[in-house]
Amino acid sequence: MSPTNDRSDGLGRRTFLAGSLAAGSLLGAGVPAHAAEKVPPIYARMYPFTLGVASGDPSHDGFVLWTRLAPEPLADDGLGGMPDATVPVQWQVAKDDRFSDIVASGSVTSRPEDAHSVHIELDSLDPGRDYWYRFKVASHLSPVGRTRTAPEPGVLAQHLTVCMASCQHYESGFYAAHRGIADDMPDLVLHLGDYQYESAGVAGRPRLHAGPETTTLANYRQRYAQYKTDPDLQAAHAAAPWLVVLDDHEIDNNWADEVPQDPHLQPPEVFLPRREAAFKAYWENMPLRRRSIPVGIDMQLYRTVQWGRLASFHMLDTRQFRDDQGCGDGYKDCPASVDPARSITGAEQEAWLIESFHRTRARWDVLGQQVFFGQRDNNADSLVKVTSQDAWDGYVASRQRITQGWVDAGVRNPVVVTGDVHANWASDLKLDYDDPTSATVGSEFVTTSISSGGDGFDSDPNEHPFLQINPHLRFYNNLRGYVRLTVTPDQMQGDYQVVPYVSQPGATPFTRASFVVQDGEPGLHQVADNPTPVRAASAPDTPQEWIDYTVYEETRRYT
């Protein structure tokens, strides 16, 4: 089952049910008798839906449904306590949460070689509406999930709510931000990477990773299972369809194509099998379409998802095809960063994206990706730039080609959305960052982490020297949370939803700041500012302390 190479929507699309499909009522006499008989009796008595349910990659007539059976989710073998046997899983989709109007149903076979995960691709549904779904094994019903189809391709929708999430290190804290996303009931969730972290457990943190550092398929399966047992994460998955892309920690910190962070510790014969295992586990645990089934060490993740004529979401992969970071990782003055031959996307993905710019008819074109796009120089000397070599600053020519690409194509409203750096940022985007008076040609919303970095703190954004060194940077905040985007034909508003702490459960999100991009007017306008009344004692005091703190937070390995 290899991914399709059709490119009608950027990557191709095909209806796919992961296993045999049979019509039948989920709860009534319509369930095929042979389906129940195939469930081993011991597993028929154990609740299998401990990892919840999810949906993803919506189109105007369908979406992907996902679940994975794991009655004992933290089992060391990564198989969640399931037998070495196929198990039938029944499913239903309805137009209401009481399932009085069922529009699709069937039975799919879960297999041990896929960790008993199932991916159901549906089409032929009505555009632009909510649906509800559930699964059943033996007498056990899953939680109910809500999902949504996109509007028809020619429809200019009047409203779209999108929540952005990234960086959810399990040990660093609790997922109150995911509970906030669930409560927002968005139309779509973008997860921009670092869904799980590879490190072994460290005593003394709010929560503890199960198992060793993830290097094998069993390790990665167990780690995903542990993350997915979190009730707030399950609630966010069940609230809306997700678009997911991975970053580095789904495999190994700061990896680049076939190069790990420490090649002397992980030669190719060690790292490449690790990458293959990590990709397989990622597929098994995400609501992805068939086109993303990994083939060896390769996985198709970059793609475009349309939301009628209102928005195009170009989901990028900045890990799998990038050149290795120049001069090593970290913040450096690195000559390799301006080498025109270097790319963070690879030539094929770059060409696909620029072609997409020329084909778009959307009011808003959103680039969903992992690492900071705009320039962030931490050196006040204008003649020497010291920038993060893991971000687009380490691939200046690649950034320039893509930015020029959307300018040349006349993209109406380009917006980049980003994760990775464990802090909230907002940025105007330019073709010439050396000239602060040059035209603004786009906007970037950067979401903080869900939990990575621990509690964090609030501060006056203007205390951070990056905002003085880089005048196009408009906002900084170091609390945990997510960004909520409200999109209409006339504007896009980004609300920075933050929580006061993650070291304990139960925090309530609040809006720290809001920025608006007006249709046809690139650049950010702040419309709300809600600082906490007391300056945090843990906030740095001097410009150099701010720089040192930011570099440390963005480069530490979480070991």
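**Close-up views of a predicted model**

D194 sits in the loop between β10 and α4. The model is predicted: local features need pLDDT of at least 70, side-chain atom pairs count only at pLDDT 80 or more, and totals for chains, interfaces and linings use all residues. Residues are numbered from 1 along each chain as its sequence is written, and side-chain values use heavy atoms, with hydrogens and water left out.

View A. D194 is not a glycine, yet its phi is positive, about 60°. D194 counts as buried, at 1% relative accessibility; buried means under 20% relative accessible area, exposed over 50%, and partly exposed in between (1.4 Å probe, protein chains only). H422, also a residue other than glycine, has a positive phi near 60°. H422 belongs to the loop between β17 (414-418) and β18 (424-430) and is buried at 5% relative accessibility. Helices (H or I, at least four residues) and strands (E, at least two) are DSSP runs, numbered from the N terminus.

**View B. Packing of helix α3 on helix α5.** Helix α3 (residues 176-184) packs against helix α5 (residues 231-239) at an angle of about 25°, with the axes 8 Å apart. That makes α3 roughly parallel to α5 (angles under 35 degrees count as roughly parallel, over 145 as roughly antiparallel, 65 to 115 as roughly perpendicular and the rest as oblique). Axes are lines fitted to C-alpha atoms, for helices over the stretch in contact, and angles run from 0 to 180 degrees between N-to-C directions. The crossing of α3 and α5 is left-handed; this applies if the near helix is turned anticlockwise from the far one by less than a right angle, and right-handed if clockwise. From α3, A176, H178, R179, I181 and A182 meet P231, D232, L233, A235, A236 and A239 of α5, where contact means heavy atoms within 4.5 Å.

**View C. Surroundings of helix α3.** A176, A177, H178, G180, I181 and A182 of α3 are buried. Among the elements covering the buried residues of α3 are β9 (160-165), β10, α5, β11 (242-244), β21 (473-487) and β22 (491-499). After α3 comes M185, with a positive phi near 50°.

**View D. Packing of helix α4 on helix α6.** The angle between α4 and α6 is about 35°, and their axes are 8 Å apart. The crossing of α4 with α6 is right-handed. On the α4 side the contact involves L217, Y220, R221, Y224 and K228, and on the α6 side R274, A277, A278, K280, A281, Y282, E284 and N285.

View E. The whole structure holds 27 aromatic pairs; rings of Phe, Tyr and Trp (its six-membered ring) pair if their centres lie within 6.5 Å, and planes under 30 degrees apart count as stacked, over 60 as edge-to-face and the rest as tilted. Y195 and Y224 form a tilted pair, 6.0 Å centre to centre with 35° between the planes. Y195 lies in the loop between β10 (188-191) and α4 (217-228) and Y224 in helix α4, so this pair ties together parts 29 residues apart in sequence. Y195 is buried, with a relative accessible area of 1%, and Y224 is buried, with 0%. The ring centres of Y302 and W352 are 4.9 Å apart and their planes are at 50°, so this pair is tilted. Y302 is in the loop between α6 (268-285) and β12 (303-307) and W352 in helix α7 (residues 347-359), so the pair ties together parts 50 residues apart in sequence. Y302 and W352 are both buried. One aromatic cluster consists of Y331, F372, W425, F457, F466, Y476, W546 and Y549.
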